[in-house]
Amino acid sequence: MSEKSARIQDNRSPWSRFMSLNGSAVFLATIAVMIIFEVYLQIARGSGELMFITPSNLLGILKQQAYVGIIAFGMTLVMITGNIDLSVGSMLTMMYCVTAWIMMSTDNGLLGIFGSLAIGALCGLLNGVLVSYVKLNAFITTLGTSSIFSALALMLSSGKVLVIPDNCDPLFQVMGMASFGPLHILIVWFVVVALILGFVLSRTVYGQQLYTIGANATAARFSGIRSKRNTTIAYVITGLCVGLASVMTMANVKSSNPQAGSGKEMDIILCVVLGGVSIAGGKGSVWGTIIGVLFYGVLSAGFTQIDLSESQKWVIMGLIMVAVLSFDALKERGVKLWKRK
């Protein structure tokens, strides 16, 4: 039976094999949107040279969205288990303040880096324990911890912008300011985290167990999989990703606004869902999330260049999220939107 299935798979056309890959449709949509923005800018501004599809612009988009992508990779693990984390935006805001406070108080780069990672992991552990062991609803629980993290951010900053001195520890500055030729350090961190978590999901027993938990939690429990522990670890990894993102961003911009991460959870969830991760759990990949991050980054940069207002951007992003979630829900029910002739 397995050989027969393999032959059937091999007999599919290259296009069918490509379209079966996670995030393939969003990848094509990303290319289409890039072309549309380029054509619009050429018509509107009449330049004879490329204005949007340039290496420097694309690397700039990836650099700008690197911290969103890193958190989205952690969120991918959580959502594969069938859960969600609505606190990542407020957690990011709090971690900005924590990172700034540590660096302003100690000017110790190593302490700033590991302190931020440790506190991020503790925040993820709190969410994981409440969801997995106390068995609270993930949506309501992380919405509640989101309020806690927002309040702590305001308390740490006293409602003011925290500024890290320009002459802070060079070790800390390297986290967000170094470059390797045309590649900024933020892009390098993005790639490194993607490779690590991509390997965890696709090549380790832990990763396969996350898929099983999301697909059928009851079957996972009877199979001897420690669902509570594994789900909690996924939340801790998300907290670590938030901690790393905060260090990267603070080392790059050197200032913390107590409202800086507000609403970012929606951007992160949108990237993950666009990448093919099912809201119901059990399906998705880090590689698909990369495509979702790129699509979101291209849209954001394009909207800025064609001078759309912030409210118009939010309307379009909201429509995209509703459309993607609706399509995902229909697929889960087995509804076919078109039939093959």
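## Briefing: a core and a helix crossing

Set aside the neighbours of Phe52 within four places in sequence, and Phe52 is still in contact with Met34, Phe37, Glu38, Leu41, Asn57, Leu58, Ile61, Val298, Ala301, Gly302 and Gln305. The model is predicted. Its chain has 341 residues, and 47% of them count as buried.

**Overall make-up**
- The chain holds 16 helices and four strands.
- Take the contacts between residues at least 6 apart in sequence: 76% of them join residues at least 24 apart.

**The largest nonpolar core**
- This core has 88 residues.
- Phe52 is one of the residues that touch the most other members.

**Where H4 crosses H10**
- Two packed helices are described by the angle between their axes and the distance between the axes.
- Helix H4 spans residues 55–64, and helix H10 spans residues 185–203. Their axes come within 8 Å and cross at roughly 65 degrees.
- Angles of 65 to 115 degrees count as roughly perpendicular, so H4 and H10 are roughly perpendicular to each other.
- The crossing of H4 and H10 is left-handed.
- On the H4 side, Leu59, Leu62 and Lys63 take part in the contact. They meet Leu186, Ile187 and Phe190 in H10.
- Five residues of this contact are nonpolar, one is charged and none is polar.

Definitions and conventions
Residues are numbered from 1 along each chain as its sequence is written. This is a predicted model: local features need pLDDT of at least 70, side-chain atom pairs count only at pLDDT 80 or more; totals for chains, interfaces and linings use all residues. Side-chain values use heavy atoms; hydrogens and water are left out. A nonpolar core is a set of buried Ala, Val, Leu, Ile, Met, Phe, Trp, Tyr and Cys residues joined through side-chain atoms within 4.5 Å. Buried means under 20% relative accessible area, exposed over 50%, partly exposed in between (1.4 Å probe, protein chains only). Contact means heavy atoms within 4.5 Å. Axes are lines fitted to C-alpha atoms, for helices over the stretch in contact, and angles run from 0 to 180 degrees between N-to-C directions. Helices (H or I, at least four residues) and strands (E, at least two) are DSSP runs, numbered from the N terminus. Angles under 35 degrees count as roughly parallel, over 145 as roughly antiparallel, 65 to 115 as roughly perpendicular and the rest as oblique. A crossing is left-handed if the near helix is turned anticlockwise from the far one by less than a right angle, and right-handed if clockwise. Ala, Val, Leu, Ile, Met, Phe, Trp, Tyr, Cys and Pro count as nonpolar, Asp, Glu, Lys and Arg as charged, and the others, Gly among them, as polar.
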